[in-house]
Amino acid sequence: MTRAASLTGTAAASTAFLIEHLAKILAVDRSREIAEAVGILTTAKKLFVYGVGRSGLAARAFAMRMVQLGIDCYFIGETITPVVNDGDAVLIVSNTGSTMSAIQVANIARRVGAKVISVTGHPTSKLAHASNVVLLIQSNGSSVQSRLAPLSTLFEDASVLLLDGVVAQVMERLGQTEADMRGRHAIMV
């Protein structure tokens, strides 16, 4: 087998592994937690989103969709982000739930009266304890996982997909359409 053929086989195996395991992770019933999160997201005065690294990328994708839905949404850490206040909501994505900055954001948000939604892989983490709602995404590590989906790949991919499902529910709750969202898109398409 040539190196190119070997790499192609590994890519196909990795993709198949991801699809199979993401389906299992996302099949877990989170309907109660998602309904609570949607209620918070659609009634908050402002929405703030936070995450670092690849979790931050998943969080940013969600924040972009919230802006496109007409929600006053900011990413914590940007220079134009205002202060979190009572009546606001903060959504934090952190696999470990032990990222110090994520825990600090959650604790500060709760202290000022904001609601905290966390997307995490650890239900007993400090972040989970500091949250009003926890959207739990757990993936069991294995030697195959560390080879085909290294580090937190399954968590991050599942976070994007789960939060895209939340987007659809927020969209429905707010009576928004894809055309409405397109009108708020950064570049009119």
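Predicted model: local features only at pLDDT ≥ 70, side-chain atom pairs only at ≥ 80, totals over all residues.
**Helix packing around α7**

Let's start with α7, which spans residues 153–174 and packs with α2, residues 31–43. Helix α3, residues 53–68, also packs with α7. Here is the geometry of the two pairs:

| Helix pair | Angle | Axis separation |
|---|---|---|
| α2 and α7 | about 55° | 10 Å |
| α3 and α7 | about 10° | 9 Å |

Take α2 with α7. The two helices are oblique to each other, because their angle of about 55° falls in neither the parallel nor the perpendicular range. The crossing of α2 past α7 is right-handed. On the α2 side, the contact uses Ile34, Ala35, Val38, Gly39, Leu41 and Thr42, and α7 answers with Leu162, Val166, Gln169, Val170, Arg173 and Leu174. Sorted by class, that contact holds 8 nonpolar residues, 3 polar and 1 charged.

Now α3 with α7. Angles under 35 degrees count as roughly parallel, and the angle here is about 10°, so α3 and α7 get that label. Their crossing is right-handed. From α3, the contact draws on Arg54, Ser55, Ala58, Phe62, Arg65 and Met66. From α7, it takes in Thr153, Phe155, Glu156, Asp157, Ser159, Val160, Leu163, Val166, Val167 and Val170.

**The largest pocket**

What is the volume of the largest pocket? It comes to about 240 Å³. There are 14 lining residues, and those closest to the pocket centre are Lys24, Ile25, Val28, Gln138 and Ser139. Helix α1 (3–26) and strand β5 (133–136) each put at least two residues into the lining.

Note on methods:
Residues numbered from 1 in each chain as written. Heavy atoms only, no water. 1 Å grid on protein atoms, 1.4 Å probe; cavity = no way out; pocket = protein on both sides within 12 Å on 5 of 7 lines; lining within 4 Å. Points joined across faces, edges and corners; volume = space filled by probe spheres on them. Helix = DSSP H or I, 4+ residues; strand = E, 2+ residues; numbered from the N terminus. Axes fitted to C-alpha atoms, helices over the stretch in contact; angles between N-to-C directions. Parallel < 35°, antiparallel > 145°, perpendicular 65-115°, else oblique. Left-handed = near helix turned anticlockwise from the far one by under 90°. Contact = heavy atoms within 4.5 Å. Nonpolar A, V, L, I, M, F, W, Y, C, P; charged D, E, K, R; others polar.
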